[in-house]
Amino acid sequence: TEGMESYPNGSFDLILCKKTLDIVLCGAGSVAAARSMMTECYRLLDADHGVMMIFSSAKPEDRAVYFENDPWTGVENIKLPSKEDFDERKGHEKKPIDAYVYILYKQNWRTQGDA
């Protein structure tokens, strides 16, 4: 999130995160860095229709904790279909890699009826 502070609040409608959260969580100080990244992304999203899509290989129970610090108005977890591959040259199956998409909403209209 370095360099993002120059953008005003609500600058973006959509943020796509392709394995970025997974990579951040591999480094030193990973938990704090991941929470900082998520808070900064939340700040940058438009309040009326902001959406963040996170593509990850981690299961929902391993990522949900990073979505709890900010007041997202909705979170969807979607497991992407994987294709079972067979390597004919070596005569054995390749283990499929699980993939998930987490869709996080920052949309005021989702909570307006709750007031």
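P71 counts as exposed because its relative accessibility is 55%, where exposed means over 50% relative accessible area, buried under 20% and partly exposed in between, with a 1.4 Å probe and protein chains only. The model is predicted, so local features need pLDDT of at least 70 and side-chain atom pairs count only at pLDDT 80 or more, while totals for chains, interfaces and linings use all residues. Residues are numbered from 1 along each chain as its sequence is written, and side-chain values use heavy atoms, leaving out hydrogens and water.

**Surroundings of P71**
- P71 sits in the loop between α3 (60–63) and β3 (74–80), helices (H or I, at least four residues) and strands (E, at least two) being DSSP runs numbered from the N terminus.
- The C-alpha atoms of P71 and K106 are 7.8 Å apart, although 35 residues separate the two along the chain.

**The sheet**
- Four strands make up an open sheet of mixed pairing, in the order β1-β2-β6-β3, and two strands count as paired if DSSP finds at least two bridges between them.
- The edge strands, each pairing on one side only, are β1 (14–18) and β3.
- β1 and β2 (residues 50–56) run parallel and are joined by five bridges, with K18 standing opposite F55 in β2.

**F55**
- F55, which lies in strand β2, counts as partly exposed because its relative accessibility is 30%.
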